[in-house]
Amino acid sequence: MSGSGSGNAPRWMTCPICQRQFLASESEALPFCSSRCRLVDLGRWLDERYGLPMPPEEASEEETDEP
Ligand SMILES: [Zn+2]
């Protein structure tokens with residue numbers, strides 16, 4: 001009456017940075033394969049933020065010019 005053995009099954013994940021497959025239990029920087037890829041992701045984030053000339057418009061379409 002046990003499960004079908006899904007307790008200790010190794011979990012494979014794909015690193016979003018280097019697209020490599022790795023064991024979730026062998027990484028110390030999930031969801032990345034290593035702390036290195038995590039840093040890369042962080043760098044991209046910061047790069048994107050500083051690269052943006054202006055913040056995206058927020059839904060402000062409720063401005064009506066009706067007297
Ligand atoms: Zn990676």
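Helix α1 (residues 35-51) has 17 residues and spans 24 Å from first C-alpha to last, close to the 24 Å expected at 1.5 Å a residue. That expected span is 1.5 Å times one less than the number of residues in the helix. The model is predicted: local features need pLDDT of at least 70, side-chain atom pairs count only at pLDDT 80 or more, and totals for chains, interfaces and linings use all residues. Residues are numbered from 1 along each chain as its sequence is written.

**Overall architecture**

- Helices (H or I, at least four residues) and strands (E, at least two) are DSSP runs, numbered from the N terminus.
- Of the protein's 67 residues, 4% count as buried.
- A buried residue has 20 or more other C-beta atoms within 10 Å of its own, an exposed one has 12 or fewer, and a partly exposed one falls in between, with C-beta atoms placed from the backbone.
- Among contacts between residues at least 6 apart in sequence, 3% join residues at least 24 apart.
- A contact means that the C-beta atoms of two residues, placed from the backbone, lie within 7 Å.

**Confidence**

- Mean pLDDT for the protein is 83, and 72% of its residues reach 70 or more.
- pLDDT is the predictor's confidence in each residue, from 0 to 100.
- Confidence is lowest in α1, at a mean of 90, and highest in β2, at 97.

**Helix α1**

- The number of buried residues among the 17 of α1 is zero, so the helix lies largely in the open.
- An α-helix has 3.6 residues a turn, so residues three or four places apart point the same way.

**The loop between β1 and β2**

- Arg-20 sits in the loop between β1 (12-14) and β2 (21-23).
- Arg-20 counts as exposed because it has 12 C-beta neighbours inside 10 Å.
- Leaving aside residues up to four places away in sequence, Arg-20 touches Cys-15 and Cys-33.
- Arg-20 and Cys-33 are 13 residues apart along the chain, and their C-alpha atoms are separated by 7.5 Å.
- Gln-19 also lies in the loop between β1 and β2.
- Gln-19 counts as exposed, because it has 8 C-beta neighbours inside 10 Å.

**Strand β2**

- Gln-21 belongs to strand β2.
- Gln-21 is exposed, because 10 other C-beta atoms lie within 10 Å.
- Its contacts, not counting residues up to four places away in sequence, are Trp-12 and Thr-14.
- Gln-21 and Arg-11 are 10 residues apart in sequence and 10.0 Å apart in space, C-alpha to C-alpha.

**Backbone geometry**

- Most residues other than glycine have a negative phi, and most peptide bonds are trans.
- Gln-19 has a phi near 60°, a positive value in a residue other than glycine.
- Leu-30 and Pro-31 are joined by a cis peptide bond, with omega about 5°.
- Pro-31 is placed in the loop between β2 and α1.
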